[in-house]
Amino acid sequence: MDLVCVTVQQKLLPVSLRLLSIRRHYARLAEVGRLETPKAEGKYDTGQLILHRVFGYRGVVLFPWLARVYDRDLPQHREGDEETNAGVGKEVRGRTHTFYQVLIDQRDCPYIRAQTEAVTFLGNQDSSRSLYAIPGLDYVAHEDIFPYVSAEKAPLHHELFDKFLGPNPNRDPPFVAQDTLKAWQNKNHPWLELSDVHKETTENIRVTVIPFYMGCKESHASSVYWWRYCIRLENLGSLSVQLRERHWRIFSLSGTLETVRGRGVVGQEPALTKTLPAFQYSSHVSLQAPSGHMWGTFRMEREDGYTFDCRIPPFSLESKAEGGPATPPETA
């Protein structure tokens, strides 16, 4: 059986997108589509087929999100910027930026250095609160998108593709949102919504954090609030670097301050190299208060033996009014 991966490089932009298939002792290239010019302005429409600039996977745009990006690497105090609303990083101003909810082609999932079941939330089922994962979803920044036109009869392999999008050959892109997509988006809006993005670079290692509120799990004795946070590390330098340790500080509005130390992240010590410069993962945190904040460092080791602490930008954990029971989509 063929193993499939997508190779994406800047120099491929003027030519057709090709798929690399590896089978035992040989490799072959097969054309799967044609790359289009990325949009410098405006938004990509629902149904746009994409390649991810960093991770190389094929995907399709479901809908956009407008997020506030707090980038500690950029000069502050620019006209038109928004003031940050939380107690964390008051010196950083938020700038509005477009991200997209994307379905990932399941053929590419084994080759992505990112968790592909990253969207999780608490749902009501039989009067209990359970953790649900929606497979093959990602949040992609506008500048990380390469649009393309597929040459395949089945342009994307995902169980939700045909349920969320329908063909429309007279439209560009040739797919339109089904009513099921609109209903699913409205139903799960609190758990899907992307609002704040935090970025900071240390020694050419850029860390991006996106927190999401997942819901509250209540019992007779207490209420426990849950958040998911997605972290991407990207090596912007020329030397390979490996993540060795993590160090977190977690502050709760209840007045507690917790310190967490450990080896690696999610059971791995990922290396960020020239050929594989990025790694993305998700984790969860719970508080017995409706808000708090987190910050910390990653201990990194460079290929020349130099070690340093890479800062994780501080970010707020804010709860939301749930407005009714949260139930997972039937397809999740």
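Let's start with confidence: in this protein it is lowest in strand β1 (residues 3-6), at a mean of 40, and highest in strand β16 (residues 241-252), at 98. The score is pLDDT, the predictor's confidence in each residue, from 0 to 100. Strands here are DSSP runs of E, at least two residues; helices are runs of H or I, at least four; both are numbered from the N terminus.

So, ground rules. This is a predicted model, where local features need pLDDT of at least 70, side-chain atom pairs count only at pLDDT 80 or more, and totals for chains, interfaces and linings use all residues. Residues are numbered from 1 along each chain as its sequence is written, and side-chain values use heavy atoms, with hydrogens and water left out.

The average pLDDT is 83, and 78% of the residues score at least 70. Two stretches deserve a flag. Residues 83-87 stay under 50, with 12 contacts beyond four places in sequence. Residues 323-332 are also below 50, and that stretch has 25 contacts beyond near neighbours in sequence. A contact means heavy atoms within 4.5 Å.

Now the overall picture. We have three helices and 21 strands. Of the 332 residues, 47% are buried. Buried is under 20% relative accessible area, exposed is over 50%, partly exposed is in between, using a 1.4 Å probe and protein chains only. Take contacts between residues at least 6 apart in sequence: 65% of them join residues at least 24 apart.

On to aromatics. The count is 14 aromatic pairs. Rings of Phe, Tyr and Trp (its six-membered ring) pair if their centres lie within 6.5 Å; planes under 30 degrees apart are stacked, over 60 edge-to-face, the rest tilted.

Look at Tyr-139 and Phe-212. Their ring centres are 4.8 Å apart and their planes sit at 35°, so this pair is tilted. Tyr-139 is in strand β9 (residues 137-141) and Phe-212 in strand β14 (residues 205-218), so the pair ties together parts 73 residues apart in sequence. Both residues are buried.

Next, Phe-164 and Trp-184. Centres are 4.9 Å apart, planes at 40°, so that pair is tilted. Here helix α1 (residues 161-164) supplies Phe-164 and helix α2 (residues 179-187) supplies Trp-184, so parts 20 residues apart in sequence are tied together. Phe-164 and Trp-184 are buried. They also belong to one aromatic cluster with Phe-63 and Trp-65.

Back to Phe-212 for a moment. Arg-228 lies over its face, 4.0 Å from the ring centre. The rule: NZ of Lys or CZ of Arg within 6 Å of the ring centre and within 35 degrees of the ring normal.

Last topic, salt bridges. There are 20 in the structure. Each is a side-chain nitrogen of Lys or Arg within 4 Å of a carboxyl oxygen of Asp or Glu.

Strand β14 comes up again. Its Arg-206 links to Asp-73, in the loop between β5 (58-71) and β6 (95-104), 133 residues away. The closest N and O atoms of that salt bridge are 3.2 Å apart. Arg-206 is partly exposed at 22%, and Asp-73 is partly exposed at 33%.

Which residues does Glu-269 bridge to? One is Arg-244, at 2.9 Å, N to O. Another is Arg-263, at 3.1 Å. Glu-269 is partly exposed at 26%, Arg-244 is partly exposed at 24%, and Arg-263 is exposed at 51%.

One network to finish. Salt bridges with shared partners join Arg-58, Asp-105, Arg-107, Asp-108 and Glu-152.
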